[in-house]
Amino acid sequence: MPSQILPFSYLPPKSPPAKQTMFKPLIYDDPPSSVKPLLSRASSFNGSLVATANDGGRLTAWFHNKRRRSNSDNNCLSAFPDHANGTDGGGDSGQQTIAQEVTHAAAETFLLTRLCLKLLSYLGVGYRWITRFLALGCYAFLLMPGFVQVGYYYFFSPHVRRSIVYGDQPRNRLDLYLPRNSDGPRPVVAFVTGGAWIIGYKAWGSLLGQQLSERDIIVACIDYRNFPQGSISDMVKDASCGISYICNHIAEYGGDPNRIYLMGQSAGAHIAACTLVDQVVKESGEGDSVSWSSSQINAYFGLSGGYNLLSLVDHFHSRGLYRSIFLSIMEGEESLSQFSPELVVQNPNLKHIVARLPPIILFHGTADYSIPSDASKTFAETLQRLGGKAEVILYEGKTHTDLFLQDPMRGGTDEMFEDIVSVVLGDDPEVIGKRVDRRRLVPEFMLKLAHWVSPF
């Protein structure tokens, strides 16, 4: 079925090229009667909006204290291309040698093993986690033909630049997916991968990177510290540092610094939204120097994300991400509202930041059980009510992984992918001419089985 679209009032873009439309409506061919109205807010909201309004002073004070304690992202600008790190400013000579690749892979394997053992001490070994790991194994096996092909592209394509260092913290690396056509500056999508704040990794975005780079869009997949290596504030700081590197250095790789889009999936959508809102808060205050500006982001794409943690903590607990672990990731229960973008923008002392946000487009499947689609609907509705530019696009019957994995592996025309391309490339006449049906990576029966056994 076609997606449901929540319309919003379109405002002119910040500074688009003369021939581009920065933010075109996403309308399908179905008659208006097929578009269902926006559903009411989820009952799990638990009155958190009222609580936020009453607690605005404490939230504002927390932001001011956080800015005073922060290092103003100055260390992000120190991550210039470095031959010692195996990267350069965009030339071929910066590619890592085989010895460096092996050393880096061994170090990351050791790190992941140590973190997994530490994580198991948090999770314990219970029936629920055993069944989920078994389901994950079946799910990965069914999609293995696609993973092998995407992995081959990731490791052997000359158009993929892996592990570019963007900061001085562990996991401060990003992958770049470059178009074959390097004729002129290309638009850029900075992507923050998902992974339940625990298993995120930059390579998870390789399928998206391959798709978009085929349409002459550069994709930068930002890696970041996961729990228990870091908590949510570390993840937001890493994402901000990665975005800073992209904004300041993407021109060296053929990107257009005036056409940068921010995107996140699942937990990555939450981290990217927190990063964007936090950046706007910094820009609206005094005494903070910033290494990138929210005005450099043309639009934000949130795929299957959650933006109000107070309304999701019980849901995550029922799905196996236990409350104790989740609160450890989010630095305590008192921090849930401070890392909930939907609640931050409603703070009476911070409402002015909504006008500084770029257009927000949220994608969600109606059959998503990991993060219900209400999470995107209520966030978009809140932004609209406060005068922001927001839209939610729903995909009927799609699960948490359908939109990001199964549908792209199915081949043909990917509805959500075309929605993203239509925004990034706007009214470019070449867009329609370059629309091609991608080849199938996994047989249909295996994709349908993966849909049913997916633990996500």
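Reader: How far apart are the end C-alpha atoms of residues 133-155, and how much of the span is helix?

Author: Helices (H or I, at least four residues) and strands (E, at least two) are DSSP runs, numbered from the N terminus. Here the end C-alpha atoms lie 26 Å apart, and the span is 96% helix and 0% strand. UniProt, in an unreviewed entry, lists residues 133-155 as "transmembrane region"; its positions use the numbering applied here, feature names are shortened, and annotations may be inferred rather than shown by experiment.

Reader: What are the ground rules for the values?

Author: This is a predicted model, where local features need pLDDT of at least 70 and side-chain atom pairs count only at pLDDT 80 or more, while totals for chains, interfaces and linings use all residues. Residues are numbered from 1 along each chain as its sequence is written, and side-chain values use heavy atoms, with hydrogens and water left out.

Reader: What is the mean pLDDT of the protein chain?

Author: pLDDT is the predictor's confidence in each residue, from 0 to 100. The chain's mean is 78, and 69% of its residues reach 70 or more. Over residues 5-74 the pLDDT is below 50, though the model gives this stretch 123 contacts (heavy atoms within 4.5 Å) beyond near neighbours in sequence.

Reader: Is Phe-156 buried or exposed?

Author: Buried means under 20% relative accessible area, exposed over 50%, partly exposed in between (1.4 Å probe, protein chains only). Phe-156 has 60%, so it counts as exposed. Phe-156 lies in helix H6 (residues 144-156).

Reader: And which residues does Thr-399 contact, leaving aside neighbours within four places in sequence?

Author: Those are Ala-367, Asp-368, Gln-406 and His-451. Thr-399 is in the loop between strand E9 (390-395) and helix H14 (402-410), and is buried at 7% relative accessible area.

Reader: How many salt bridges does the structure hold?

Author: A salt bridge puts a side-chain nitrogen of Lys or Arg within 4 Å of a carboxyl oxygen of Asp or Glu. There are 15 in the structure. One of them joins Glu-418 and Arg-215, at 3.1 Å from N to O. That pair links distant parts of the chain, 203 residues apart: Glu-418 sits in helix H15 (residues 415-425), Arg-215 in the loop between helix H7 (206-213) and strand E5 (218-222). Glu-418 is buried at 8%, and Arg-215 is buried at 5%.

Reader: What about Asp-374 and Lys-377?

Author: They form a salt bridge too, with the closest N and O atoms 3.0 Å apart. Both are in helix H13 (residues 374-385), three residues apart, so about one helical turn separates them.
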